[in-house]
Amino acid sequence: MFEVALQCIACGKSFDLRDHYLCDRCQGILEVQYDYASLKGKPAEQLVPAPAAGIWRYQSFLPVHSESSMVTLYEGGTPLVHAANLGRALGHEPLYCKDETRNPSGAFKDRPISVGVSKAVELGFDTVTTASSGNGAASLSIYAAKAGLRCIVFVPEKTPMAKVAHAVTAGATVVRVRGDYSNSYALAGAASARYRWMNITTTFLNPYTFEGDKTVAYELYRQLEGSAPDWIIIPTGAGPLLYGTCKGFEELNRLGLLDKLPRMVAVQAEGCQPIVRAFEKNRPVAAWEAVDTVASAIADPLRGYEKDGDLVVRTIRKSNGQAVAASDAEIIESVRELAEREGLFVEPAAAAPISALKKLLQKGLIRQNEKVVCLLTGHGLKDPQSSIRGREVPLVDPGIEGLEKLNLGNR
Ligand SMILES: *Cc1c(COP(=O)(O)O)cnc(C)c1O
């Protein structure tokens, strides 16, 4: 509502608020600028009201002007769960999980996609597209359905079937693209340029989408009674969720509503960790060569847009944060622990923050009383095959005799 322009974060060139993607001078990432001077001094309750369903409660900080363009399915407003059982088991009781599985499509992507689709409506597009590892495709399909837009999505060939089914059922045209996520990214870009579709890919390409990710910060601010947690651990693909969450807290700081900023932790899978590698080796991000992980939602090799990763590394450093990789085995163990101890069923990528937390605790980087928030970004039903692999589910004949073999009577 108070957006004034787009600006290149690399060279500073300004653009109007239309369908620009990267800077035409230097290919830098574009970011929405706000009139913070007009916001300063408004009461906190008005700027940052308590969460209820719907990210559009925070429209002061979102780049869509007319209420009639806002396309909502009551995304956001997700609970912050005190994970006391798991916290006790890990030896760190101030552990909180923001349960993003409660979003309309079952993943946090509804936050950026709601903003992207609203912007497409405001700009008068009739077709929207995205390149997605699956959750963005499912999300775009439902918001496009609600808005009455044509929806064409590009996904890697190995995308979990539940995500593809969600998008197909909501009426999207789903195109599977051979190879890893970066191939889909390139093809969606080429198609949107050729056919004049709005590209709502949730990396840093579309400058409106990652504004939606900021709403995680406004909600946490309210849920923690006007403060920030000490640490936020975020499963990271290209990184706009991490960047947007950090930006939301910085805005609150800039408006005088918050003095302490959280430390940001990116977690990636060992089989696709371009950002973690760059952070550890203190060098620019290089595209990841051979993607191989069960955490498909964060398997982004960043090929062709490596600088997105550099922005994320800078954001982590600025927050005095960390970047951690977890193996597939560690991630699946975390999926099971969240489900068994907290009743929270998430997909592999979304459990990775718990794996990262264990490592940070082991290294003594997180102190005893520090509040840790893990973002549980996607629902377990989106990729149930991964979590049940290697588990036996018995089949018995009806009647107690068949059941006796299972020894369930012995506690
Ligand atoms: C997209 C996605 C992420 C990563 O988000 P980025 O903003 O691309 O870093 C993490 N978890 C899940 C479940 C996702 O779908």
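A nonpolar core is a set of buried Ala, Val, Leu, Ile, Met, Phe, Trp, Tyr and Cys residues joined through side-chain atoms within 4.5 Å, where buried means under 20% relative accessible area (1.4 Å probe, protein chains only). The model is predicted: local features need pLDDT of at least 70 and side-chain atom pairs pLDDT 80 or more, while totals for chains, interfaces and linings use all residues. Residues are numbered from 1 along each chain as its sequence is written, and side-chain values use heavy atoms, without hydrogens and water.

**View 1. The largest nonpolar core has 94 residues.** Val48 and Val128 touch the most other members. Helix 10 (residues 240-254) gives the largest share, 6 residues; helices are DSSP runs (H or I, at least four residues) numbered from the N terminus. A second, separate core of 31 residues includes Val267, Ile331, Val335 and Val372.

**View 2. Helix 11 (residues 274-281) packs on helix 12 (residues 306-318).** Their axes, lines fitted to C-alpha atoms over the stretch in contact, are 9 Å apart at an angle of about 55 degrees. That makes helix 11 oblique to helix 12, oblique being what is left after under 35 degrees (roughly parallel), over 145 (roughly antiparallel) and 65 to 115 (roughly perpendicular). Ile275, Ala278 and Phe279 in helix 11 meet residues of helix 12 including Gly309 and Arg317, with contact meaning heavy atoms within 4.5 Å.

**View 3. Helix 10 also packs with helix 12.** The angle is about 45 degrees and the axes are 10 Å apart, and the two helices are therefore oblique to each other. Leu242, Tyr243, Cys246 and Glu250 in helix 10 meet Leu311, Val312, Thr315, Ile316 and Lys318 in helix 12.

Definitions and conventions
Buried < 20%, exposed > 50% of the residue type's maximum accessible area, 1.4 Å probe, protein only. Axes fitted to C-alpha atoms, helices over the stretch in contact; angles between N-to-C directions.
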